[in-house]
Amino acid sequence: MLIQTHQFNATKGRSLYITVTPHLANVSVRLYLKRGQEPRRIDEFDRNTTLPDDADLFNLSLGTETLTADRWTWFIPGSDVEDPMNYMYYLGMQHVPHTEQGDVAPSVSPEYRGENFTLNYTVQIYSTHCLYFNEDIDDFRSDGCQPGPLSNTSLSHCRCDHLTAFGSGFQFFVAPNKLNVLQAFKNLNFKENPVVVIAISVVVGIYLLAVIWARRKDREDSKKVGATILRGDQNGFNDHFYQIIVLTGSRSQSSTSARVFMTLIGKGGESGPHELEDHDRTIFREGGVDTFILPASRHLGSLYAVHIWHDNTGPCPSWFLDRIILQDLSDGKKYSFLCQRWLAVEEGDGRVDCLLSSATDKQISTLSHVFNSQTSKAFNDGHLWCSVVGRPAYSPFTRVQRVSCCLSLLLCTMVTNIMFFGRADDFSKPPPVDILGFKVQIPISWAQIIIGVQSCLIIFPINLAIVEIFRHVASPPERKTKDQNDSSASSTSSDVISLEEIELQKIDKAWDFYRLPYSDKKVTDEKRKGCIIPWWCVFIAWFLVFASCFLSALFTILYGSEYGREKAEAWLFTFFTSFFTDLLILQPVKVVLLAVGLTLLLRKPHEDAENLTPTLDYDEVRSYLSTIKVTPAKKCLEEPPDSTQLAEMRVRRFVEISLKSAIYEFVFYFMFVLVLAVIANGPRDTGMFHMTRNIRQTMDVSCVLQVNDVQSFWNFVRYTLSPALHDNQWYNGDIREPDGFMTDKTSYVVGPVRLRQLRVAKEACLPSLKSRASQRRGRANDESSDRGPALRRVFHTAVTDIPVVGTYATYWDGGYFVTFTNTTPSAVLATVAQLEPSGWIDRYTRAVFIEMTIYNPHANLFSVVNLLTEFTAIGNAYPHVDITTVRLYRFQTTWAWVVVGFQGVFIIFTLYFAFKEMDHILKLRCLYLKTFWGCVELSLALLSLAEVGVMLYTLYVVLEFQSKQGANTGLVEKTFEKYRRAAYWDQINMYVQGCLVCVGTIKLLHLLRFNKHVVLGADTIKKAAGPLSGFLLIFTLVFLAFAMFASLVFGSTEEGFSPFIATLETMFTILLGKFYEMSDRNWIMGPLFTFTFITFFQWVIITMVVAILDCAIHEVAEENTQQKPETEQVADLMLERLQSWVGSLGGALQHGQGWPSSVIKEAYSPTEEEMMDFLTKADSIRFRGPQDNSSANIEFCIENQISSGTV
């Protein structure tokens, strides 16, 4: 057979890849390689191989994909490629005869079945080199990296012994996670993986509730925009009309219920005062734009000021006025009057009137005004999420449309986020950047940037199209009936009035209020020219909304099902965390920064309200008013309140605010206490006490308390503990097999019972002192030698340490363990028989713990038992019993889930409460902490935040026990630690809840501050605080004097007087009335001390306290008689409002009028001309009223004869 040779060059260190592709199937080839001179015979070649080689192909698994080396490629590592200098590489090739291959495949033609035949083939020879960038030398190096056998013309395979970043991480496109739609539909299982479906359902449910709310707000907004013709001057309508646009601020509670008056001041004189009123709709609402037409008897010339005020009446009279825009319809001149302040007795300067001068271009272009305008526009109209709440009334983009756009944006964001979830982790991070000698790691990779760009390209176009269509769609054509076309005064109305549909209509026939029909759309169309699209495009927008929402929700559910529950939960948590962080923090910051940039660049405020409010046509207004009979209005005599009236209004207003705040605080705090009571008592069970008592009786805890030395400890284990752990017989005498249940046959021992010992080092000079010091540092100072083959020594772990507080020291984790895996009495006694003689407890022992976990399946309760015996250096033993009962399987009943719901509500209440208190602290600063109730509320807020943290962590610990093997994994000693850790945190949660309930109950006194007796008591304590604090010093010194005497005299002989803290406790119990009997050793000093102490404190100290309180209460009572306290004024107003409401309710029910209306209209006194006009047009007049000196009503009717000419 002939050999075909090829020659080529190679580079040192670069791996060679020789790929051969035969043009005939089922034919093998043999390759030969020679360096240097051209070979003449086969045996002169350096190496050879036969392809294909299926014996040892290299494989690499990448997740669900496996890469395999090419079977027709000969891979020569770079270490085998030497420097060729002037030598060449020669490649020889021949086909392998079929006789060597064995059986000839049937597909091979007969002419190729022999030993010699011609084979056509294609050969590719290429080399690769793996380099990485070395930051230390700023150059590419190949140290530790070699090409792998998987490399080909489209893939580089590098095998490195260190981590590095390669240029292959650069991507112009990142593919999303794979999704097999048909397979995903088949694998849908909402029972095993419901998290994504629940999240989508919650989002859609919130959307439906938001749509209902937005629909109602849209209806209210439709009443905010409109033009009302005022009564005008007393001389009647003339040829001069002024359009008045009043813009109310968008701040919280900026609307007013008071009557508003205005006087126009120009070079030609004054006009007014005029009342800005409309009886058909509520005006001056929050964020409202109210338009009025004022007929004037004469032209005022150029306007340079307006005087505006209100009478401070109604339930919410405070008003934040943004600005006023006036336009003279005769010449078209516009005047702007900037206010941007409160007209309220309790805000700002406390005045309800202001004189505004016409703003110049310089005033309009000030940085503060431009920034406020830009920011208000950005949040209220530009920002999609914020504008749902703050949507301007004049905007054609309704709240329902904005809520729908928010839903589409949210769901599109969810689907793009879940599509690329985890894809950025498949790419390496960029190398650190050297900045001023410091290595700075760039927090974002190129792949993350590409994913962000791709996500924007998916989300942005469709949502931008939806928003722009809703913003610029034209109003639909009006549909009028035949009767409506014949009547020029009637018109169609809708829930949301667009700019073209704003019209002036007659609103009050009795007292001559009119709205002129506005049909000229030329002005508005010109202002919106170039951006209006046909009205039917709104259907396209709604189709895009529902299509994007449906498809996004569908693919999000499919991806969540494909990921599995664990990965879906991780994605959901990550998504909502980033979403709310962006919505609540990043986006507001971006809006403010954008407003700052536009302010500095443009220096021009937004004028959307002015531009989008239609300007009425002068001729149309004049022609319409000339066709109707107009009765001149009576002269308005209202004037701004003077300083005396303002002072009275201010006092009254503060009382009303206090009343409203008290009612709000009472309702909020009542709900807070209700939720707190549920979460504090909901998980508790009366069975906890009974189970603890049952365990004490079963284990005969009284015997534990009698342990006083080593021998009594072993006797307790031998004669009390071992029989309690297991009973060998049933009630009928049958043999009972070991089943884990204790003697009571209802308590099950979970895991092994263990003995744990803590020791001190043998080298300690003062063992007892060193024991206390070392254990308080958090580490048992154990011996270095083991305590026998049956014992295991486990060192202290600071991460999961839970202290055990004894009588003489605090003990931590670690020590020596003995486990009783078999709790039968015989097994326990055998272990004790081994430990006791070996001296397991000796003079270096400082604490021995008997630890076990007991479960009662009938009550679903766990008890963590810890029997501690402390051994002092003098040989005495001091026992301590700790039994903590807790419910770990909590979610077994419906009530448990109700408690979880209340816990979620409590978290919301706590966040709101903390935010409110933070706002109070920022406003009051140091004055906040100087008040008693301020400290109480601060404590309540801090305890609530602490309860939220402890409650969530306790829930996290308890959730470990919900799985089937949640508590039985790990080492034996760690199993008990899990139960003890859960019981420990449940106890901490109980302590925090106890403090929270205590402080919350104390705050109830603050809610009862309107009761004069409670106020008297609080004021008395406040008045007596100074004298009592001074007297407290005397009490403390005298008490310490008696305590030091008792500690020195009785400390070495009496039990309750050593150490000094115990002396203080004993003396407090004596002071509270408990008799303490002294021993015979102190038969003289004991009774003498007790008599002197009780006499002095009972008859002298307490009498002085009562005297101080008596003086204080008389002073407070005298002050209250001179001036009524504010709380009492609030209480009087509350009773007055309650009596008024009950009286009106009773009168309405008595006359069958139903419930009283919540809107109280002001009485109007008509003029004499108006009354005569009314009498001349009436057919009959009916009079009704009470009879003199009688409760009965009389009613009679007089027929009108004036119109017929007879009297």
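Predicted model: local features only at pLDDT ≥ 70, side-chain atom pairs only at ≥ 80, totals over all residues.
## A partly exposed cysteine to start with

At 29% relative accessibility, C160 counts as partly exposed. C160 has a bonded partner: together with C145 it forms a disulfide, and the two sulfur atoms sit 2.1 Å apart.

C145 belongs to strand β12 (residues 145-147) and C160 to strand β13, so this pair ties together parts that are 15 residues apart in sequence. Is C145 buried or exposed? With a relative accessibility of 2%, C145 counts as buried. As for the handedness of the bond, the torsion about the S-S bond of C145 and C160 is about 115°, so this disulfide is right-handed.

## The other disulfide

How many disulfides does the structure hold? There are two. Besides the C145 and C160 pair, a disulfide joins C130 to C158, with an S to S distance of 1.9 Å. C130 is found in the loop between β9 (121-128) and β10 (132-134), while C158 is in strand β13 (residues 158-160), so the bond ties together parts that are 28 residues apart in sequence.

What is the handedness of the C130 and C158 disulfide? It is left-handed, because the torsion about its S-S bond is about -90°. Here, too, you can look at how each cysteine sits in the model. C130 has a relative accessibility of 4% and counts as buried, whereas C158 is partly exposed, with a relative accessible area of 28%.

## How the pairs are arranged

Now put the two bonds side by side. If you count the bonded cysteines along the chain, the disulfides follow the pattern 1-3, 2-4. Strand β13 takes part in both pairings: it holds C158, the partner of C130, and it also holds C160, the partner of C145.

At 30% relative accessibility, C386 counts as partly exposed.

Where C386 is partly exposed, C412 counts as buried, with a relative accessibility of 6%.

Terms used:
Residues numbered from 1 in each chain as written. Heavy atoms only, no water. Disulfide = S-S within 2.5 Å. Helix = DSSP H or I, 4+ residues; strand = E, 2+ residues; numbered from the N terminus. Buried < 20%, exposed > 50% of the residue type's maximum accessible area, 1.4 Å probe, protein only.
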